[in-house]
Amino acid sequence: MYYFLVIIAVVLFSLQFLFNQRFEESRGESLKSALEFSLYKSVVIVIIMLIISGFKVQITAFSLVMSVIYAFSGIAMTVFSMKAFAVANLSVYSVFSMLGGMLLPFVLGVGFYNEELTVFKVICCALIVVSVLLNIKKGSQNKKAIVYYMAVFILNGMAGVISKIHQSSDLPHSDSSGFMMLTSLVTVAICALWLLIKHKKIPVIKGKEFLFASGYGVFNGIGNLFLLISLVHLPASVQYPLVTGGVMLFSTLISAFRKEKIEKKEYIAAVISFAASVLMAF
């Protein structure tokens, strides 16, 4: 059942980037736009988690601290994602984002939670590094791109690291839906305060922009909830490679469907990453 939840999360994550990208195309890539996006998508996640939890709020000091860290890294992830979209296509962005989301939790699980390190896992990590190198285009990207890519790599990885620490802690902590709601509430508070201080008001978004933010909130919130639930039962060194491989494959297919310019080596890289990530489970 937990592998099935991971697969559903993979599909949702593969589609959520479309909402983020369309919002950026409509409202721009400024910090103000990123804060607006984070604010509204987080409001949607709070509503979803409240409904799922039956409007029962579970808060502990440990979960609150972890949710603040998670929220800050999530807001920064949104900012750098929008910057990256301006200089890269969906498949290249996804490579750096998902590799960070895989490798950092993988290292945490093996290094600090005694998860088994097998020859298969080492080989698969090497294969995925190869897939990254295949996606680097010499001289074809804005010079700022590598900065945005590395930021996205680290920040997306932090989501998995924080999730693993929270779900594995012996300290009293919120359940999965409660933690998702807390992180979203903190995100709403940070974004709203930031916008009020900087721009003296909280902008109201309407129409398609609201739909883009809401769509991302639904897909991201439910996807992350499924990962948190599965993380209690599956090792991080297994779960996150599966997520990475699946999302890299589906994101490349989505880019192809949208007729973005994708080179043959990018398709090869996606296939290698998918195969390598699946082998991680063995």
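The model is predicted, with residues numbered from 1 along each chain as its sequence is written. Local features need pLDDT of at least 70, side-chain atom pairs count only at pLDDT 80 or more, and totals for chains, interfaces and linings use all residues, while side-chain values use heavy atoms, with hydrogens and water left out.

**Stop 1**

Select residues 31–52, which form helix α2. Helices here are DSSP runs (H or I, at least four residues), numbered from the N terminus. Helix α2 has 22 residues and extends 31 Å from its first C-alpha to its last, close to the expected 32 Å; the expected span is 1.5 Å times one less than the number of residues. Of its 22 residues, 16 are buried, so α2 is largely enclosed by the rest of the structure. Buried denotes under 20% relative accessible area, exposed over 50%, and partly exposed the range in between (1.4 Å probe, protein chains only). Select G54 next: just after α2, this residue adopts a positive phi of about 70°.

Then move to residues 176–199, helix α7. This helix has 24 residues and reaches 34 Å between its first and last C-alpha atoms, close to the 34 Å expected. K200 follows α7 and has a positive phi, near 70°.

**Stop 2: salt bridges around R27**

The structure contains 5 salt bridges, each being a side-chain nitrogen of Lys or Arg within 4 Å of a carboxyl oxygen of Asp or Glu. Select R27, K32, E36 and E209 together, as salt bridges link these residues in a network. Between R27 and E36, the N to O distance is 2.4 Å. R27 is partly exposed at 27% relative accessibility, whereas E36 is buried at 1%.

Which residue of helix α8 does R27 in helix α1 pair with? The partner is E209, and the pair ties together parts that are 182 residues apart in sequence. The salt bridge between R27 and E209 has an N to O distance of 2.5 Å, and E209 is buried, at 14% relative accessibility.

Now select R22 and E25, which form a salt bridge with their closest N and O atoms 3.6 Å apart. Both lie in helix α1 (residues 2–27), 3 residues apart, and are therefore separated by about one helical turn. R22 is partly exposed, with a relative accessible area of 39%. K208 is exposed, at 53% relative accessibility.

**Stop 3: the nonpolar cores**

In soluble globular proteins, nonpolar side chains tend to be buried together. A nonpolar core is a set of buried Ala, Val, Leu, Ile, Met, Phe, Trp, Tyr and Cys residues joined through side-chain atoms within 4.5 Å. Select V6, F13, Y93, L99, L227, V243 and V247, the residues with the most contacts inside the largest core, which has 39 residues. The elements giving two or more residues to this core are α1, α3, α4 (90–112), α5 (119–134), α6 (145–168), α8 and α9 (236–257). Helix α4 provides the largest share, 8 residues. Apart from this core lies another, of 20 residues, including F37, V79, L195 and A213.

Centre the view on V247. Leaving aside neighbours within four places in sequence, V247 is in contact (heavy atoms within 4.5 Å) with V10, F13, S14, F17 and M98.

**Stop 4: Y267 in helix α10**

Select Y267, located in helix α10 (residues 264–279). Y267 is partly exposed, with a relative accessible area of 35%. Beyond its neighbours within four places in sequence, Y267 is in contact with T252, A256 and I262. The C-alpha atoms of Y267 and V188 are separated by 38 Å, the two residues being 79 residues apart along the chain.

**Stop 5: a nonpolar surface patch**

Finally, select V57, I59, L64, V68 and F72, which form a nonpolar patch on the surface with about 430 Å² of accessible area together. Patch members have over 30% relative accessible area and no salt bridge; nonpolar side chains (Val, Leu, Ile, Met, Phe, Trp, Tyr) are joined within 5 Å, and like charges within 9 Å. Accessible areas come from the Shrake-Rupley method with a 1.4 Å probe, and for residues only the protein chains shown count as cover. Among these residues, V68 lies in helix α3 (residues 61–85).
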